[in-house]
Amino acid sequence: MSRPTVVVAGMGDVGVLTAMHLAPHVDVVGVGPSPGLVSGQELGLRLSDPLRWSRDYWVPYDRFRRLDGVEIVHGTVDSVDARDRTVAVTAADGGRTTRSWDALVIATGVTNGFWRSPDVADADEVDRRLRAHHETIGAARTIAVVGGGAAAVAAAAGIAARTPTATVGLWFPGERALVGHHVRTWSTVRTRLVDLGVSLHPGHRAVVPMGADRADIGPGVVEWSTGQDPVAADAVVWAIGRATPHTGWLPDEILDPAGFVRVDEHLRVPGMPHVFAVGDVAATDVLRGSARNRADRLVARNVRADLAGRRLRRYRPRSTRWGSVLGPQDDGLEIFTPTGHGIRIPRWAHDRVLRPWVVSRGIYGGIRD
């Protein structure tokens, strides 16, 4: 008896883990625009130390042991036919195919900055982008980071820690940054930013130029709708959190007004049998938390249960963000609980225990050298 086929559209952070959980039980076809996992995590480390970032967050698919049984298609999904249960796929070489599925997982993510792109790219192009962004930051004397979320905060901290000759500022619209986190988290992070020499500018709401959510880092002038004088910088990092979901290939009737995929409490897409959505693209809650709360394991279980006619489990979103904010630093990693308390992991424990054992082996099931 042949096994059912599940297509995972989008092979980023969540899509890769979902495919891994499914692979022992069904035939999996994963479709992604890059030849490996190009993570959207840890923007600060990506900009300030791309070699270290690449070691952990830019991983070719053939290095993941648990993807050995997964068919990887380097390309994009262009359309879906729910009645025939097929998707149209355009490969990186321009070839077009139609793939059949018994279940479909939508994990195509969002664009909310230059570091999360839906564009098809080969390994050389990924490396070129990483190198270009790092070199632009390294050559700048003044750097303006615009945004109040974790990505903006981490970018400012990472750049300031590793570019001591530059003047780094963080501009954000509210009285504090990290408004989705516990206030205690911001208090701790704020002290860290000040210690690193980052100048903080609350109450600055930027006039966002067209395409700023995908604009590369470069010189520019930032204007403010809140009335302050414009700010010029050698390098402007737009990290405003304006998320554009990669859902142009999906029918409008399954999308909410902002273009995110509607899902029920089981992460199923209403009106499309055997179709699920997970990650930033799924309209699960205000924080779209299924991208960060290990919902990859839940959705994989529910896909299998749905195909077998078994009971599905509910997804329960969190009300606040938690976890790492600044990412790996020279002195280690700090993880914040939902109550805002920080747990510090020393650098040696992060490098020798957390990454190789907890992440590489525990979460990913082994990554080849």
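Predicted model: local features only at pLDDT ≥ 70, side-chain atom pairs only at ≥ 80, totals over all residues.
Reader: What percentage of the residues is buried?

Author: Buried residues account for 50% of the 369 residues in the protein.

Reader: How many helices and strands are there?

Author: The protein contains 8 helices and 21 strands. Its radius of gyration is 21 Å, close to the 21 Å that the globule rule gives for 369 residues, so the protein is as compact as a globular protein of that length.

Reader: What does the C-alpha trace span along its principal axes?

Author: The span is about 65 × 45 × 40 Å.

Reader: Turning to contacts, what share joins residues at least 24 apart?

Author: Among contacts between residues at least 6 apart in sequence, the share that joins residues at least 24 apart is 61%.

Reader: Which residues is Val77 in contact with, leaving aside its neighbours within four places in sequence?

Author: Val77 is then in contact with Ala9, Val31, Val87, Ala88, Val89 and Trp249. For one of these, Val87, the separation from Val77 is 10 residues in sequence and 6.7 Å in space, C-alpha to C-alpha.

Reader: Now the pockets. What is the volume of the second largest pocket, and which residues lie nearest its centre?

Author: The second largest pocket holds about 350 Å³ of space. Its lining consists of 15 residues, and those nearest the centre are Arg355, Pro356, Ser360, Ile367 and Asp369. Two elements, α3 (50–57) and α8 (347–363), each give two or more residues to this lining.

Reader: Which element gives the most?

Author: That is α8, with 5 residues in the lining of the second largest pocket.

Reader: How do the residues of that lining divide into nonpolar, polar and charged?

Author: The lining of the second largest pocket has 9 charged, 3 polar and 3 nonpolar residues.

Reader: And how many cavities of 30 Å³ or more are counted?

Author: The count is 1 cavity, and the largest cavity has a volume of about 30 Å³.

Reader: Which residues line the largest cavity?

Author: Arg192, Leu326, Gly327, Gln329, Gly332, Glu334 and Arg344 line the largest cavity. By type, the lining divides into 3 charged, 3 polar and 1 nonpolar.

Note on methods: Residues numbered from 1 in each chain as written. Heavy atoms only, no water. 1 Å grid on protein atoms, 1.4 Å probe; cavity = no way out; pocket = protein on both sides within 12 Å on 5 of 7 lines; lining within 4 Å. Points joined across faces, edges and corners; volume = space filled by probe spheres on them. Nonpolar A, V, L, I, M, F, W, Y, C, P; charged D, E, K, R; others polar. Helix = DSSP H or I, 4+ residues; strand = E, 2+ residues; numbered from the N terminus. Rg over C-alpha atoms; globule rule 2.2 N^0.38 Å. Buried < 20%, exposed > 50% of the residue type's maximum accessible area, 1.4 Å probe, protein only. Contact = heavy atoms within 4.5 Å.
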